[in-house]
Amino acid sequence: MNSGLGADLPPPATPEPTVLHVLTDASGRSHIHRCAVDGLTLAVVVPDVPPVWRAPAEHDVASRAMWVLPAGWRGGWHRNPARQWVIPLSGRWFVQTQDGARVEMGPGEMHLGDDLDSMPDEYGRVGHDSGVLGSEPCTVQVITLTATRAGHRCRVVAELPPAAS
């Protein structure tokens with residue numbers, strides 16, 4: 001079998017991809033931070049094809065859907081309806097949490113929406129706000145999870161500061 005790595009080369013260093021995680025703290029306030037994807041292993045996933053880095057498979061998908069958010073769409077302050085991965089496929093959008101942190105995402109920049117326990121803050125905001133950026137629609141893949149709680153806390157690699165006002 002062709003390993004695709006070269007017989008004389010050592011295995012490459014383990015990559016350290018990250019994802020965004022919208023979550024609720026103990027006081028019910030939403031935050032967003034960047035988490036490392038841990039547990040990657042170099043493995044053959046298709047016979048006779050070089051190995052790839054992969055994270056352990058999780059079998060907790062309740063549903064999957066594709067949404068097309070029209071240009072100008074704005075969600076307003078709301079909680080995620082369930083724990084869900086949201087992956088922009090085309091276009092751009094933003095997510096802002098109650099602590100003031102805001103991220104803008106484009107194709108492939110996934111985040112885990114996990115603010116189900118968010119409570120209204122002093123301004124009446126709950127969960128997060130989100131909306132489409134620019135004049136093009138934003139198409140997102142939404143993968144809803146069966147678990148209502150994370151099995152473990154992710155390894156935070158960056159806290160995101162509040163957006164400049």
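Student: Why is the contact between D129 and R74 called a salt bridge?

Tutor: A salt bridge is a side-chain nitrogen of Lys or Arg within 4 Å of a carboxyl oxygen of Asp or Glu. In this predicted model, where local features need pLDDT of at least 70, side-chain atom pairs pLDDT 80 or more, and totals for chains, interfaces and linings use all residues, the closest N and O atoms of D129 and R74 are 2.5 Å apart, so the pair meets that cut-off. Residues are numbered from 1 along each chain as its sequence is written, and side-chain values use heavy atoms, leaving out hydrogens and water.

Student: What makes D129 buried or exposed, and what about R74?

Tutor: Buried means under 20% relative accessible area, exposed over 50%, and partly exposed in between (1.4 Å probe, protein chains only). D129 has 4%, so D129 is buried, while R74 has 54% and is therefore exposed.

Student: Why is R83 counted as buried?

Tutor: Its relative accessibility is 6%, so R83 falls under the cut-off for buried. D114, with 14%, is buried too. R83 forms a salt bridge with D114, with the closest N and O atoms 3.0 Å apart.

Student: How do you know that E109 and R92 form a salt bridge?

Tutor: Their closest N and O atoms are 3.9 Å apart, so the pair is within the 4 Å limit. E109, at 34% relative accessibility, is partly exposed, and so is R92, at 36%.

Student: How many salt bridges does the structure hold?

Tutor: The structure holds 7 salt bridges, including the one between D129 and R74.
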